[in-house]
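This briefing summarises selected features of one protein model. The sequence and structure are shown first, and the points that follow are grouped by topic.

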Amino acid sequence: MQDKDLLKYIKGESTPDEKRLVIEWIRNNDKNQKHFNILKAEYIASTLDSFSHPNTDLQYRYFLAKSSKKKKTYYTAVVASIIIIPFISWFVFNTFSNINKNIENTEFLGSNIENVITGFGDHKKITLPDGSIVVLNSGSSISFPKKFDYKIRKVTLTGEAFFDIKRNVNKPFIVNTDHIKIKVLGTSFNIKSYADDEKTETTLITGEVEVFQNKNKKSVLLQPSERATFNINNNNISVDNVNSKNILAWQDGTLIFDKTPLKQVISDLKRNYNIEFVILSDSLFKYKYTGKFDNLTLEEVLELLKLSSPMNYRYENNKIILDSE
C-alpha cells in the first residue's frame with residue numbers, strides 16, 4: 001500500500017472501494033497499523049500551521065517534503081507536539097470521525113486501551129487482564145483496558161467472539177456492543193454483533209448472563225443454551241433455545257445455518273472467505289438456507305448453494321456474482 005493512498009484515506013478523499021482496501025491493509029498486521037499511525041500523526045502535525053497559512057495545497061506539499069526525510073527525531077517531535085497541543089483532540093475527532101471504528105490510533109496517543117482486530121478469514125485467541133479468554137471471529141475487533149479497575153471489567157466488541165470469563169462476584173464483566181450490553185459475573189457465552197447485520201445475538205453456554213438493550217434499558221436473563229436475538233429493525237429482543245455446539249462451530253471452521261436468510265449466509269461467507277458478493281436478483285433474498293459447511297473450500301460451498309437453491313454464480317473482477325436461475 002502506497003503512502004499516497006493512505007493519505008487520500010486520511011484526508012477523506014477515498015472512494016468506498018479504496019477505503020475498504022486501506023482498512024484491510026491496516027488490519028493485516030501490526031506493522032501496517034503502526035505505519036498508518038505515524039503517517040496520520042505527521043499529516044495532523046503538518047496541518048497545524050493552517051490557521052496562519054490557509055493555503056492547503058502549500059501545506060500538503062510542505063508535509064510531503066518533510067515526511068520524505070524520515071528522521072527519527074522528527075517523529076519524536078511530532079508525537080510530542082500531538083500530545084501537548086490541546087487542539088489535536090478536536091482535530092482528530094472531527095477529521096477522522098468517519099474512519100472505521102475498528103481502527104483506533106492508540107500507539108502514538110499513549111492510550112492504555114488494547115485493540116485487537118481480525119481480518120476476514122482470521123481467528124484470534126486473546127487473554128484478558130483478569131485471565132478470561134476471548135476467541136475473536138473473522139472481521140471483528142475488541143477493545144479493553146490493559147488493566148481492569150477495581151469496580152468493573154468492561155470491553156467493547158464489534159463482530160463475533162466467544163467469551164470464557166473468570167468468575168468474580170465483586171467485579172462484574174460487561175460487554176458493550178452497538179445495540180446491547182451483556183453483564184456477567186463468570187460464565188461462557190458467544191456474541192455475534194457485526195455492524196452490517198440486522199441482528200445481534202447472544203448465546204449462553206454456561207452460567208448466567210443478563211442482556212440489556214442500550215436504548216430502552218430493557219433486559220432478559222439467559223439460561224444455558226438460550227439465545228437472545230436483538231432485531232435492529234424493530235428494536236425488540238426475542239429468546240429461543242439453540243444447540244450451543246452449532247453456535248460455536250465457527251471456531252473449528254464450520255458454518256451451520258438453520259433456515260437462515262440468504263443475505264445473512266452471504267454475509268458470513270464474505271467474512272469467512274474474504275471475498276465480495278454481489279446479488280443481482282431480489283428473489284434470492286426470499287430464500288432461506290439450512291445446511292452445514294464443514295471446512296469446505298469456497299468453490300464447494302458455492303456448488304452446494306447452487307444445488308440447494310435457485311441460484312447461479314460466476315466470478316467477475318474478483319467478486320462473486322449471484323443471480324437466480
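In this predicted model, E17 and E18 form a hairpin with two residues between them, and Asn317 in the turn has a positive phi of about 55°. Strands (E, at least two residues) and helices (H or I, at least four) are DSSP runs numbered from the N terminus. Residues are numbered from 1 along each chain as its sequence is written. Local features need pLDDT of at least 70, side-chain atom pairs count only at pLDDT 80 or more, totals for chains, interfaces and linings use all residues, and side-chain values use heavy atoms, with hydrogens and water left out.

**The sheet around the hairpin**

- E17 and strand E18 (residues 319–324) run antiparallel and are joined by six bridges; two strands pair if DSSP finds at least two bridges between them.
- Within this pairing, Ile320 in E18 is the bridge partner of Tyr315.
- E15 and E18 run parallel, with four bridges between them, and Glu276 stands opposite Lys319 in E18.
- The three strands form an open sheet of mixed pairing, in the order E15-E18-E17.
- Strand E15 (276–279) and strand E17 (311–316) are the edges; each has a single partner strand, so one side of each is left without a neighbour in the sheet.
- From one strand to the next, the twist averages 25°; axes are lines fitted to C-alpha atoms, for helices over the stretch in contact, and angles run from 0 to 180 degrees between N-to-C directions.

**Helices packed on the sheet**

- Helix H8 (residues 262–273) packs on the sheet and touches E15 and E18, its direction making about 155° with that of E15; contact means heavy atoms within 4.5 Å.
- Helix H9 (residues 298–308) also packs on the sheet, touching E15, E17 and E18, and its direction makes about 150° with that of E17.
- Leu305 is found in helix H9 and is buried, with a relative accessible area of 0%; buried means under 20% relative accessible area with a 1.4 Å probe, protein chains only.
- Not counting residues up to four places away in sequence, Leu305 touches Leu269, Tyr289, Phe293 and Met311.
- Leu305 and Leu262 are 9.6 Å apart in space, C-alpha to C-alpha, and 43 residues apart in sequence.
- Asp268 lies in helix H8 and is buried, with a relative accessible area of 10%.
- Leaving aside neighbours within four places in sequence, Asp268 is in contact with Lys192 and Phe257.

**The largest pocket**

- The largest pocket holds about 1,100 Å³ of space; on a 1 Å grid over the protein atoms alone, a pocket is an open set of points where a 1.4 Å probe fits, with protein on both sides within 12 Å along at least five of seven lines, and lining residues have an atom within 4 Å of a point.
- The lining has 42 residues, of which Lys192, Glu201, Arg227, Thr260 and Gln264 are the closest to the pocket's centre.
- Among the elements that give two or more residues to this lining are strand E8 (188–193), strand E14 (254–261) and H8.
- E14 supplies the largest share, eight residues.
- The lining residues divide into ten nonpolar, 17 polar and 15 charged.

**The chain as a whole**

- The chain has nine helices and 18 strands.
- Of its 325 residues, 44% count as buried.
- Among contacts between residues at least 6 apart in sequence, 48% join residues at least 24 apart.

How values were computed:
Grid points are joined across faces, edges and corners, and a volume is the space filled by probe spheres set on the points. Ala, Val, Leu, Ile, Met, Phe, Trp, Tyr, Cys and Pro count as nonpolar, Asp, Glu, Lys and Arg as charged, and the others, Gly among them, as polar. Buried means under 20% relative accessible area, exposed over 50%, partly exposed in between (1.4 Å probe, protein chains only).
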